[in-house]
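Keep the picture in view while you read.

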Protein chains: 2
Amino acid sequence: MGEWLVGDILERSVLLYGDRPAVIDGEVRRNYAETSGRIRSLAAGLLSLGIQPSQHIGILAGNSHRYFETYFAAHYAGTPLAPLNIRLSGPELEFIINDGDLRALLVGPEYLELLDSFRDRLPKLEHVILLADNAPEGMAAYEELVKGSEPLAEPARDWREEDMINLCYTGGTTGLPKGVMLSQRNVVANAQHSQMTFSFEESDVWLHAAPMFHLADAWACYSVTAAGGAHAFVPGFAPEPFLEIVQDAGVTATILVPTMINFVVNHPKVPDFELSSLRALLFGASPMPTERILAAREIFGPILAQAYGMTETAPLLTAQRLEWLDYDTPEGIERLASCGRQVQGVAVRVVDEDGGPVPPGGTGEVVARGPNVMLGYWNRPEETAAVLKDGWMHTGDVARIDDQGFIYIVDRSKDMIVSGGENVYTTETEGALYEHAAVLEAAVFGIPDDQWGEAVHAAVVLHEGLSATETDLIKHCRALIAGYKCPKSVEFHDTPLPKSGAGKILKTALRASWWEGYERGVN
Amino acid sequence: MGEWLVGDILERSVLLYGDRPAVIDGEVRRNYAETSGRIRSLAAGLLSLGIQPSQHIGILAGNSHRYFETYFAAHYAGTPLAPLNIRLSGPELEFIINDGDLRALLVGPEYLELLDSFRDRLPKLEHVILLADNAPEGMAAYEELVKGSEPLAEPARDWREEDMINLCYTGGTTGLPKGVMLSQRNVVANAQHSQMTFSFEESDVWLHAAPMFHLADAWACYSVTAAGGAHAFVPGFAPEPFLEIVQDAGVTATILVPTMINFVVNHPKVPDFELSSLRALLFGASPMPTERILAAREIFGPILAQAYGMTETAPLLTAQRLEWLDYDTPEGIERLASCGRQVQGVAVRVVDEDGGPVPPGGTGEVVARGPNVMLGYWNRPEETAAVLKDGWMHTGDVARIDDQGFIYIVDRSKDMIVSGGENVYTTETEGALYEHAAVLEAAVFGIPDDQWGEAVHAAVVLHEGLSATETDLIKHCRALIAGYKCPKSVEFHDTPLPKSGAGKILKTALRASWWEGYERGVN
């Protein structure tokens, strides 16, 4: 009797808000009743191709109303959905599509050429659906599936809340991307936690401006739908289209990464746009210096609120609420750097090495427990066991907590760089560097960057007698991994890199000089 | 990793809102940090008496901050709590205490004499805790337990979310009260559903004016605490104390039954009180004629919202939201009679006899599915199976649903009378009547009553040659069951009562003439 699933979210909104706008995407404007019909027809269409319930499907596309529909169609078709990172290279996508057992891929026209470059190395992929009105030989067209299929009355699968509905690949700390298995309950729990936190209403219009393959934005597909609000889209973020759609669609809420906010704040045309519909501008994924928050407040008003989470927690863990923000006292200004406090429904603690909570003011690892915590990593029992232990999800993020429960992320994680909102796992970049014949030792870490928050930087020791330039090494990496994961700069050392007693390279020591006088997240 | 329990609600509020008011009860004002300490000490004190985790405890008392504390202490002591109906007779309480395996009972001083009258017939009850500073020989004092015990750092039991934490007895349709088993997940889910519905904030002050033994009010212990709001109390409802505390404590929200609202609206001193802090006046449990709603709006403003639920669903199923209310159009006025629409997190359908949803405008039985639906009835597998079937909780309530999902309860249930906010199960009253030697046939049903909403009425056929007056029969019932369950009036028939083909008495036919020109819930 305990089930409340993704389909229930949509069905309630069709019942309560059927004639209210669901999607606003250029010329496309449809209400919830129409959108639900399309979703159910798409699901029927997918099955008509021969896809079986419980088989995995993927999507590789920019933001659009079709991306939104696909998240819900996965429920009705009974097919867990893997949303793919559009910034990955061909070999990375190939790995994920094979690793994740994807049988079908919905693909935006702009990624078709990339897909073609490795399609013959995808033995399990049987179907390609082009997000378009029609499609060339050998693939199906999204709109033809929608138009040619009777809407499914019920999901094609007898879902249980613990069943995986999303398979979200994240960069792997061992160098390989790994699939985060999110259950129906995970994403529905987060939809409720985020509603309690951000108080969405049927009058809200959410803008999907950050990429919808990433849960940092995709959670709003569920949460805003649950409240009966509308969804607007920009295919890929750029400041002027962002400003235009905020004005034209009457956008009330969105989430951006700090880099995007900076782009908008510094855009010369900002004063030309009417932005007063915005009531909440959430941001996350990387630190935003306080003076940048204050500058953004000048443009948008006191509506900026930092949130913190991760794919493994579907994603929300902590958030600022607007009514907690105080721009008028030194303590309030200092607290702008906080990512807020644990949201309703999730226990979040900052713990010491023994697993006990640190005292107020203390620093430790962020751990979390709640119905939003993932099932685990797909086919990676060891990596799952490394983070899901003693009943808690161990985030690897280091934070300080104050006496009122406000959390300040002081290190995103020991290994991760956040550059322009994208997570870069340094071990993956190091792996690429190590494949170069001349590289003896490599340590990758983030250094301050005004535009991207952090830039990927490498410290390298070369084999005696061999040589490589900075340009050589960057070029070498680009052939192996996505551009954003490659070093932007390289420093060469003549002596071995500093190491711990256990022989581990001490990145903290290497990084220190770069961050001198620059307190992350505060300055 | 999926657990989020009653203790997590309290602990989050201590972390985030530790110095904010938690309870306001006469002279007693304590913040969340202090209240949490008392709760954990009470739990330790209960265990120090010899009560074991997983054993059941009960409480029989009027509303107070101690009642509130007890709901949470049950979590830390690990002891499921049965809140007992203070309006029951001694034999009824005796049945419940024995049926529910209660090992300990917290009791308000005003119920001690009643308890003494049957205490020697409670073989399993080992401990009595008096809600007072000290207690006579043979029982423990609440405040001594609190003061004499170190607060428990952790719950004494390794709770799982499917474990029962509340055992709530409701009148039994077979004549015996039955215990509704509510799990940790049930009550926590409802706390979240109600937060999303009523948007509680840390600035809220909830008034526990309706009896806290009933989930119709008790749910707010969890929900308002989750938001960091405060709790105020009136020991038993009366209009003037209600008005005083709304004014003095700055009450922002509460739930009443229509009878209570009527008492307040008609109270001559209303204009003397400042009631502007109230932002939400919820009501439920029985129909409230529209003109009464409009009269109440004159006093309180447009803050009345009807809610609908039942103990078996922990309890919320549907509710009006204030922003949906419209007092300015005929359609809006008509919709005031609706108990609202399904809340977030619960699927609510109105179904026909085949279990399919009725079309808009249709009438059928209300069924519900969600994580708030009870585990079942304690030791009553057959009665459980009769209501939990095909994945849905069958409420037995008959309702109409409109094209926007608004639900109108047209018959609380085929058998139940709601009189002054109390459920009266007519089969129980009939059972008492049938114990009278002269009674041949009896049918009990509700008739319109301006003060109580409905009054309990009986249609009776006597055995030939035997006699009994209306007064005889009422007096006979009073010796067996609680006063509010007894008929207020009796009609005598000379011929057999009308029956269906299957031989079941047709109450609808009997009731019809009483309700002529009186559309329940509308006029």
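## Ground rules

This is a predicted model, in which local features need pLDDT of at least 70 and side-chain atom pairs count only at pLDDT 80 or more, while totals for chains, interfaces and linings use all residues. Residues are numbered from 1 along each chain as its sequence is written, and chains are lettered from A, with ligands numbered from 1, in the order in which they are written.

## Domains and the contact between chains

Chain A is divided into domain 1 (6-322), domain 2 (340-411) and domain 3 (416-515). These bounds come from an automatic or database domain assignment. Between domain 1 and domain 3 of chain A, the C-alpha centres lie 32 Å apart.

Chain A and chain B also touch each other: 28 residues from chain A and 28 residues from chain B take part in the contact. Two residues are in contact if their C-beta atoms, placed from the backbone, lie within 7 Å. On the side of chain A that touches chain B, α1, α7 (184-198) and β16 (341-342) of chain A each supply at least two residues. By class, that side has eleven nonpolar, eleven polar and six charged residues. Here Ala, Val, Leu, Ile, Met, Phe, Trp, Tyr, Cys and Pro count as nonpolar, Asp, Glu, Lys and Arg as charged, and the others, Gly among them, as polar.

## Helices of chain A

Helices (H or I, at least four residues) and strands (E, at least two) are DSSP runs, numbered from the N terminus. The expected span of a helix is 1.5 Å times one less than its number of residues.

| Helix | Residues | Number of residues | Expected span | Span between end C-alpha atoms |
|---|---|---|---|---|
| α2(A) | 32-48 | 17 residues | 24 Å | 24 Å |

A residue is buried if 20 or more other C-beta atoms lie within 10 Å of its own, exposed if 12 or fewer, and partly exposed in between, with C-beta atoms placed from the backbone. Nine of the twelve residues of α1(A) are buried, so this helix is largely enclosed by the rest of the structure. Among them are A:I9, A:L10 and A:Y17. The helix α2(A) is also largely enclosed by the rest of the structure, because 13 of its 17 residues are buried. Just after α2(A) comes A:G50, with a positive phi of about 115 degrees.

Another helix of chain A, α8 (residues 215-226), holds A:A220. Is A:A220 buried or exposed? It counts as buried, with 28 C-beta neighbours inside 10 Å. Leaving aside residues up to four places away in sequence, A:A220 touches A:W206 and A:H208.

## Strands and sheets

Two strands pair if DSSP finds at least two bridges between them. In chain B, strand β1 (residues 21-25) has five of its five residues buried, so it is largely enclosed by the rest of the structure. Its pairing with strand β2 (residues 28-31) of chain B is antiparallel, over four bridges, and B:D25 has B:V28 as its bridge partner in β2(B). The two strands form a hairpin with two residues between them, where B:G26 in the turn has a positive phi of about 60 degrees. β1(B) also pairs with strand β11 (residues 230-233) of chain B, in the parallel sense over two bridges. There, B:V23 stands opposite B:H231.

Chain A has an open sheet of three strands in the order β25-β26-β27, with mixed pairing. At the edges stand β25 (439-449) and β27 (489-493) of chain A, each with a single partner strand, so one side of each is left without a neighbour in the sheet. Strand β26 (residues 453-462) of chain A pairs with β27(A) in the parallel sense over five bridges, and A:V460 has A:F492 as its bridge partner in β27(A).

A cis peptide bond joins A:A314 and A:P315, with omega about -15 degrees. A:P315 is found in the loop between β14 (304-309) and β15 (316-319) of chain A. In chain B, a cis peptide bond joins B:A314 and B:P315, with omega about -15 degrees.

A:S199 has a positive phi near 50 degrees and is not a glycine. This residue sits in the loop between α7 and β10 (205-208) of chain A, and A:S199 is partly exposed, with 19 other C-beta atoms within 10 Å.
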